[in-house]
Amino acid sequence: MPKAKKKSSYSASKGQTSKAARKAAKGRSHGTAQPHQSPNRKRKSSKKPHNSTKRSRTRRSGRRGQATEIRVREEVSIAAELLSSLPANVWWRILQDPNGEDDLASGSRQEYRVILPVLLKANLISTVNVDGKYRLDYCSAGWEELGAIGMGIRMQTTAMHVNGSASYYVVVGPKPKYRNPFEQAKAVSADGMEAALGIRTVGMRVNTRLNKQDDRTMKERLEQYRLKVRAQALSEALTALEDMNDDDLREILERSGKMAHDFKKNTRVSSAVAAAAEDCSSSDGGVEEGMTDGEEATAGDTGTGDDAWASEVDEQIANSIALDLSIRPRPRRDGNGMIDVDEKKKQTNEKERMLLLSLARLWGYYDSTLTWKERTRVAAAACKQVAYDHGFAKSTGACMLHQWDKMLTDGVRSGAKDPLASDHRGSVSETDKLESEHPGYLHHLYRYAIRTVGIKASFQEITDAMNEKSATPLEQRPALSLHYLQVYRWFVKNGGKEKSSKEKPRLTDEQKSARVEWVRKRREEGFLDEDFPVCYLDEKWFYTVSRRRKIKVLPLGDNEEAGADFVVRPKTRSRRFPIKVMYLGVVARPRPDKNFSGRIVLERVSKTKKVESRTKHQRFAFDALVNDEIKRGGWKEYYIPGMTAGELCDIITDVYELDEFVSERLEFHYASVSTGAKKTKSNKRLRDSHLLTGHQARNEAGEVVHVTLDDLHLGVRYKDDDEVEEDISCDSDFMLRIMPKVGEKVRAAFYWLPIGEKQEDGTWLGGRPIFTILDSAGGHGTNEAIEKYRKQLLDEYNIILVHQIPQSPETNVLDLGIWMSLQAAVEKSHRLKRGDTDALHATVMKVWEEVTNEEAFENVFERLKMVYHNILRNRGGNDMVEDGRGKKGREETFGDVGEAVPLFELDGGVEDSGEGEVEDGGEAEEDI
């Protein structure tokens, strides 16, 4: 994605720390950005690692020769770290956003309740009394203080006025992507947050950081500071209560109602305060709602009464935890009869949930003085006792108490008939439930996924896109976490089909016999052994699209509008001449113990040639979106009056991340018509030192006009000594030129094998030969050329060529699966790339170097063993090769094929099975 354009309004200096500068900044309007540091001023980064647990920081300031220690408050330090965690160059709302989309909480991936104490204590926001009600407001003094101190961040604040009210925003970074929050809001509303700001969201939180540990550290520090502020407030409140007389204290406690009981229970104050709290707790409404008679009776007691009750509860909890749910038959706890145990019972009903909540409350699950570990023990005891009494095979519900309590409270408030009723209704699929509750939702997500990842994407890629779309902030329907098999079953259930066509060749009896003999010989020589030195050579056309991936077509849903099922079909300039590049590749079995990945050679079938003339073109970048943006003139947004052509070319290179070859050849030109009778149109080029405007040209009407920015065109012009790649045919000349390089790289790849000593008779002594298997395609050259490079490889590198049997591409691991996996990766990686051979070549080499892995290579070599095995089992045919080389074939035990399956005698030909010719069921496609 192109970088944000540079704004000339950010040339003002920042970081003003003098009193006059702060006074001038304070007098500026809230509607303009308040800079704090110049983007041109370079800052020296500290070499010391950041310590997030440090409570305070110091900065040295003052004139030269004077050092003054300024101790930064803890809340200001935390606020600076919080702002540093925001995505840079984006405007963030300072006060809480009701929708939770663009405030400081969503940007920093924290909850607003934990950052609120820091903002208040750092004087970044304040409370204002309006008509007897308090609300939060922006506080400019704190932001000016934070900007003056610096703390290693560059920021500015501004206000956006909507309907007479102001919303205050802050941006961290040297140059915001948008000049003000209003422009940013328009862009986000039109294009979405990811497209407008380059920020991905998960739920209501941005998802930009790779290290989640930083978020957890910040969360812990904010939570610790919040608890510290609460403790200070409680301490101040208790100190104030100590100084009050009994009448005033009693009045406050009476107004607090049921909170008086908790106050008495959880605080330690003077005897007068405790007595007042005790008296108020016995008044109407003074006892906590939901307390039992036993709790009311002991609420005001102290000493032995409380200890006795606690001892009794502990004994009951211990007895419940000691219950054995594995006893069969299970006796009742009162000794009267047995309990029928249902081994399949897992879901609790409404009555059992009510019993769980009541028992947990009786044992103090909601007692705020208990630790989390103690409350967990209470929940486990209550659930185990109810499970024992009601015939459950295992304890259940311990993790659901808080949710059931919320369901009960919400149900009582809303008047629900069965607030604790179970939602479990049996084996109803998740997709069916979604279709019934939200008709058309899955169709909507599927259409979006197809537009995003393409109609040839796998179901895993489609499912990922659907899940991500459902989690966007603007989506009101539930966020999904579907598995790709759920989407596949829903796709088939709704009439979806995957369409494809494939033709398969036949094998003659002679070809079958030759295949059996060749496979037997290779097995005997040990070609399938893991440490056998053999590599495989083949050629392959790589395409921008392979036509192997199927187009997914989903019929129109009942709740969809007409035209929603429209699918953009893939287009090509010519079906007869698609964009393609041929490569010659050599691979071998990976050897992790030798640090060998299996990749040896991938060479483009081409030759270099010098450009015939200094032509120009507009192939700026491999990315199609970036290339189209430059061709449409998007670079004009970065022009500043007075720029030279060279300066703008440098900015374009940085913004669009162009490579060195293109950046050195960028040039601007404009058209001008000659004054002769023919009126020939010519292009006038601008040198790097020329200004972009102020030139004159003649139009087609013969008038002299001034050249404007819209009259300029950007292009890439070749130099005199430039060389380009030209695709050629794989023929004798190419093979004679490339095979010595192949031999050298093969020997280098098998570095642990000695080459041996060459004898006078041409044989090798003491070394180990390396075998190279290749097919007999015509592209490998004439017989004379083949004999020439065969002899050269043997004489110079001790490499023996072995030609595979005709009509047997599956005996070469490249045709068996490696080419296919590479083509699939190329097609996926080349999406949204430029459609020409140079861009395709860059994608192929990137996939070869970065995407391929040893595990994929190893899987294909293991599949080759099954291919050999099934060729022999099928007497040279391909039926078993296609059906038995996947998972089904891997489950079989091989052993000695000659003994397990009776084979025909090779000298007698193929036995007549009476079935006639058998159509090939799975021969791999021959590319050459």
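Two strands count as paired if DSSP finds at least two bridges between them. The model is predicted, so local features need pLDDT of at least 70 and side-chain atom pairs count only at pLDDT 80 or more, while totals for chains, interfaces and linings use all residues. Residues are numbered from 1 along each chain as its sequence is written, and side-chain values use heavy atoms, with hydrogens and water left out.

Strand β19 (residues 666–673) runs antiparallel to β20 and is joined to β20 by 6 bridges, and Val673 has Lys681 in β20 as its bridge partner.

Another open sheet has 5 strands in the order β16-β15-β13-β27-β28, and its pairing is mixed. Its edges are formed by β16 (599–604) and β28 (799–803), each with a single partner strand, so one side of each is left without a neighbour in the sheet. From one strand to the next the twist averages 25 degrees. Strand β13 (residues 534–543) and strand β27 (residues 770–774) run parallel and are joined by 3 bridges, and Cys535 stands opposite Thr772 in β27. Helix α28 (residues 837–851) packs on this sheet, where α28 touches β13, β15 (580–588) and β16, and its direction makes about 180 degrees with that of β16; contact here means heavy atoms within 4.5 Å.

Rolling a probe the size of a water molecule over the atoms shows where empty space is left. A cavity is a set of points, on a 1 Å grid over the protein atoms alone, where a 1.4 Å probe fits but cannot get out, and its lining residues have an atom within 4 Å of a point. Grid points are joined across faces, edges and corners, and a volume is the space filled by probe spheres set on the points. By this rule there are 3 cavities of 30 Å³ or more, and the largest cavity holds about 140 Å³ of space. Its lining has 17 residues, with Asp529, Glu530, Phe532, Val534 and Arg589 lying nearest the centre, and β13 and α29 (854–873) each supply at least two residues of that lining. The lining of the largest cavity has 12 nonpolar, no polar and 5 charged residues, where Ala, Val, Leu, Ile, Met, Phe, Trp, Tyr, Cys and Pro count as nonpolar, Asp, Glu, Lys and Arg as charged, and the others, Gly among them, as polar.

Helices also pack on one another. The axes of helix α14 (residues 350–362) and helix α16 (residues 401–414) come within 10 Å and cross at roughly 105 degrees. The two helices, α14 and α16, are therefore roughly perpendicular to each other; angles under 35 degrees count as roughly parallel, over 145 as roughly antiparallel, 65 to 115 as roughly perpendicular and the rest as oblique. On the α14 side the contact includes Met354 and Leu357, and on the α16 side Trp404 and Leu408 are among the residues met. By class, this contact of α14 with α16 has 8 nonpolar, no polar and 3 charged residues.

Helix α17 (residues 430–437) and helix α20 (residues 484–493) pack with their axes 9 Å apart, at an angle of about 60 degrees, which makes α17 oblique to α20. Glu430, Thr431, Asp432 and Glu435 of α17 make the contact with Gln486, Trp490 and Lys493 of α20, and these residues divide into 1 nonpolar, 2 polar and 4 charged.

Conventions:
Axes fitted to C-alpha atoms, helices over the stretch in contact; angles between N-to-C directions. Helix = DSSP H or I, 4+ residues; strand = E, 2+ residues; numbered from the N terminus. 1 Å grid on protein atoms, 1.4 Å probe; cavity = no way out; pocket = protein on both sides within 12 Å on 5 of 7 lines; lining within 4 Å.
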